[in-house]
Number of protein chains: 2
Amino acid sequence: MSSIYPATMRRLINELSKLPSIGEKSAGRLAYHLLTGDTSASNDLAEAIREAVERVSLCTVCYFISESPICPLCQDVRRAHDVLCVVEKPADVIALEKSGGFRGIYHVLHGVWSPLKGIGPEHTKISELLRRLQLDESTLAAERDPLKLPLQEVILATSTTVEGDATALYVAGLVEELGVKVTRIAQGIPKGGELEYADELTLNLSMEGRRSL
Amino acid sequence: MSSIYPATMRRLINELSKLPSIGEKSAGRLAYHLLTGDTSASNDLAEAIREAVERVSLCTVCYFISESPICPLCQDVRRAHDVLCVVEKPADVIALEKSGGFRGIYHVLHGVWSPLKGIGPEHTKISELLRRLQLDESTLAAERDPLKLPLQEVILATSTTVEGDATALYVAGLVEELGVKVTRIAQGIPKGGELEYADELTLNLSMEGRRSL
C-alpha cells in the first residue's frame, strides 16, 4: 500500500527492507530520513556502500574482513601465531580485540553448523580451516609440516548456542587429529550477573566449570 | 574499537550509524551483511539511494513525497479538495490511505511543534499551510479569495502525543480565522482493545468523546 509513494521511493524502501532486521515500516522510516534529511549524507552513504563493496574482501588466511589479501591481524608478528581462535563472525573478532584478553590469531567461520536450517560445514569456512591446519584430504598425514604450523592451542570461541556448541564439537573432533590442545571458552554467570536471575543451564555450567581460587 | 576493520568498512559503519534508530552495533551488522552477502544487492541499494535522492522531492502543494512538482494525490480530481487533513509525516498519509477512510487532500507538516526540543512552527510546514490557506501575513484578510479555496473542513490528524496535541491546537487557533470547521481525530480505546489495559487518560478521553448509537 506504499504504492502511493513515487516509484524511486518504493524501490528504495524495497532495497532497504532486504537488510537484516529491517521490516517494511523501518525501511519506510529510513527512506523518509534519507530523502528529507541531509541528502548529502544520503549520497555519502550510497558512496560508502559502493566503495566498501568494491574494496573490501576477506583475508585469505583467517577470513576476517580486509582490504588487503592478508589482514593486519595475520600480518602482525607481535601476535602469538601459535594460538588460533575460531569465531563465527568478524564482529566477534572486534569484541575479543576490544576485551584485550587475546593476542593470538583468528579464523572466522562466517556461520555455524545448523542442520535444522540446512547450513552444513560446507556453508562456513570450516573446510578453509581444515586446509589451513593441513587437515584436509589433499594433505596426507605424512606430509604435514609441523614446523610450518607450530600450533599450541586451538580455542573454540563460537557462540554458546546449540549451533555454536555443535560447531565447536565438530571442529574439535577434526582438530584433535593434530595432537594440539583444543579448548572451549568458559560458560557461566556473566560479570555483574545475579544467580537469582540466571537460567538453570547456565547455573549448572557455572558449577561444572568452577575453579579453585 | 572497530578500528581493526579496514577504513572503507569503518566509513560504511559510520555512515550507517547516522541513520535513525541504528546504533553502532546494528550498523556493524548491516555493514557485514552488505559486504559479505549478495554484493549486487548492496550496489542496488546504493543506486536506489542515489536515484531517489536525485528524483524525489516534496509536493509543492501538500509536501507529501513526490517525483513531480504536484503529487498524484493533489492532482486527483476525484478526491474531495474541500476537506484538508493535516498530518505530521508522509507515513501518516500512507496509513490513512491504507485505511481507506479519507478521500480528501492532505498537508504534511514534516514535524510537530516541540518547544522542549527547540522545534518551533518555523521548523515545520506550518507556515506553508498558512500560505496555502491564505492565512499568512502577505495575504490581507480582504484579499482572500474564498472561491479559490472553498474549504469545508480542516481535520487535524497529528499524533495524539503532547507535541501532536499542541501542534493541533496551534493550527486550530490559526485556521479558526477562516471560519472553516476544524476537527481533531477521535481519541479513545483502539479497536480490539480491552478497557482493563487502557491507561486512565485514554479511558477518560473515550468517555468524554462518547457518541450516541
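At what angle do helix H3 (residues 39–55) of chain A and H1(B) pack, and how far apart are their axes? I put this to a model that is predicted, and I found an angle of about 150°, with the two axes 9 Å apart. Since angles over 145 degrees count as roughly antiparallel, H3(A) is therefore roughly antiparallel to H1(B). I also looked up the handedness, and the crossing in which H3(A) passes H1(B) is left-handed.

Next I listed the residues of this helix pair. From H3(A) I noted A:Asp44, A:Leu45, A:Ala48, A:Ile49, A:Glu51, A:Ala52 and A:Arg55, which meet B:Thr8, B:Met9, B:Arg11, B:Leu12, B:Glu15 and B:Leu16 of H1(B).

I then turned to the interface as a whole, where 49 residues of chain B are in contact with 49 residues of chain A. On the chain B side, I recorded the elements that give two or more residues, namely helix H1 (7–16), helix H2 (24–36), helix H3 (39–55), strand E2 (65–66) and helix H5 (90–99). Of these, H3(B) gives the most, with 14 residues. The residues on the side of chain B that touches chain A divide into 27 nonpolar, 10 polar and 12 charged.

Last, I checked the domains of chain A, which is divided into domain 1 (2–55) and domain 2 (78–184). I noted that the C-alpha centres of these two domains of chain A lie 36 Å apart.

Technical notes: Residues are numbered from 1 along each chain as its sequence is written. Chains are lettered from A and ligands numbered from 1 in the order in which they are written. This is a predicted model: local features need pLDDT of at least 70, side-chain atom pairs count only at pLDDT 80 or more; totals for chains, interfaces and linings use all residues. Two residues are in contact if their C-beta atoms, placed from the backbone, lie within 7 Å. Helices (H or I, at least four residues) and strands (E, at least two) are DSSP runs, numbered from the N terminus. Ala, Val, Leu, Ile, Met, Phe, Trp, Tyr, Cys and Pro count as nonpolar, Asp, Glu, Lys and Arg as charged, and the others, Gly among them, as polar. Domain bounds come from an automatic or database domain assignment. Axes are lines fitted to C-alpha atoms, for helices over the stretch in contact, and angles run from 0 to 180 degrees between N-to-C directions. Angles under 35 degrees count as roughly parallel, over 145 as roughly antiparallel, 65 to 115 as roughly perpendicular and the rest as oblique. A crossing is left-handed if the near helix is turned anticlockwise from the far one by less than a right angle, and right-handed if clockwise.
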